[in-house]
Amino acid sequence: MELNAKLTLLERMVDIYDRFAGEFDLACEKYCAHCCTANVTMTTLEGYRILNHLEKTGETRYLEMIARQAHPDRFLPRISINRMADICARDGDPPDEPLNPDAGPCPVLADDTCPLYPVRPFGCRCMVSARNCGRTGFADMDPFILTVNDVFLQHLEHIDAQGYTGNFVDVMQFLDLNENRQNYAAGRLGAAPDGLVANQPVFVLMIPPEHRERIQPLLMQIRSLHV
Ligand code: SF4
Ligand code: SF4
């Protein structure tokens, strides 16, 4: 699939998700940023969309900020979500993925606001809570939202199946190199470099039995996009 078509699909997926999430009573609000950590991951397609946004708005200084403030102990995924779904469906053991909860804030967070808010990674967009995490110390997320989040993450990886998944910092730094960006845009990426993992298509969706019926309308909306 051509890159612009993928970017359009990404926008439409985000619209569907926002309508879905808008039906829940959530505590998330501006200046609430306890969830904005150095451990956010995303796909190369999301990173490309962010780069386009920074160039259009003349805010490429955030790329320097990302490089300067990259936390050395940030979360580095070892497998993508679709790979994990495959392993679990075959009763295999996915690798341990150590995550340091003290890795600090996201490198672009400023005054508790996100300068990328309209194009923030889906991993940020889908992090929601019914109660303020700052007061409870954890996110209070409806189990159905968790299931829907996984389904969207799986489809976003599927759309970007020729790309990579990685920490927000590593994806942005990868795409910040012109050669990588051009190869990505032309669909010419090879094996994933250190710190990033190869994406793959969806083979099995992670939907627990209790949510299979409830999620059907959303799946129909996603499938109507011909993802
Ligand atoms: S997920 Fe938690 S920390 Fe993040 S915006 Fe929502 S309530 Fe605030
Ligand atoms: S990209 Fe934006 S929303 Fe995501 S963690 Fe960073 S500051 Fe928060």
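Predicted model: local features only at pLDDT ≥ 70, side-chain atom pairs only at ≥ 80, totals over all residues.

User: Which residues of α7 are buried?
Analyst: The buried ones are F144, I145, T147, V148, N149, V151, F152, Q154, H155, L156, E157 and I159.

User: Nice. What is the reach of α7 from first C-alpha to last?
Analyst: The helix covers residues 143-159 and reaches 25 Å, close to the 24 Å expected at 1.5 Å a residue.

User: And what does D142 do at the start of α7?
Analyst: A side-chain oxygen of D142 comes to within 2.7 Å of the backbone nitrogen of F144 there.

User: Switching to the largest nonpolar core: which residues touch the most other members?
Analyst: That core has 52 residues, and Y17, F152, F168 and M172 touch the most other members. Elements giving two or more residues to this core are α1, α2, α3, α7, α8 and α10. The largest share, 10 residues, comes from α1.

User: What does M172 touch?
Analyst: Leaving aside residues up to four places away in sequence, M172 touches M42, G47, I50, L51, L54, L63 and I66.

User: Last topic: what surrounds ligand 1?
Analyst: Around ligand 1 you'll find C28, C32, H34, C35, M127, V128, S129, R131, N132 and C133.

User: How does that shell split by class?
Analyst: The shell around ligand 1 has six nonpolar residues, three polar and one charged.

Technical notes. Residues numbered from 1 in each chain as written. Chains lettered and ligands numbered in written order. Heavy atoms only, no water. Near = heavy atom within 4 Å. Nonpolar A, V, L, I, M, F, W, Y, C, P; charged D, E, K, R; others polar. Helix = DSSP H or I, 4+ residues; strand = E, 2+ residues; numbered from the N terminus. Expected span 1.5 Å × (residues − 1). Buried < 20%, exposed > 50% of the residue type's maximum accessible area, 1.4 Å probe, protein only. Polar contact = N/O pair within 3.5 Å; in protein donor to acceptor, adjacent residues only side chain to side chain. Core = buried A, V, L, I, M, F, W, Y, C linked by side-chain atoms within 4.5 Å. Contact = heavy atoms within 4.5 Å.
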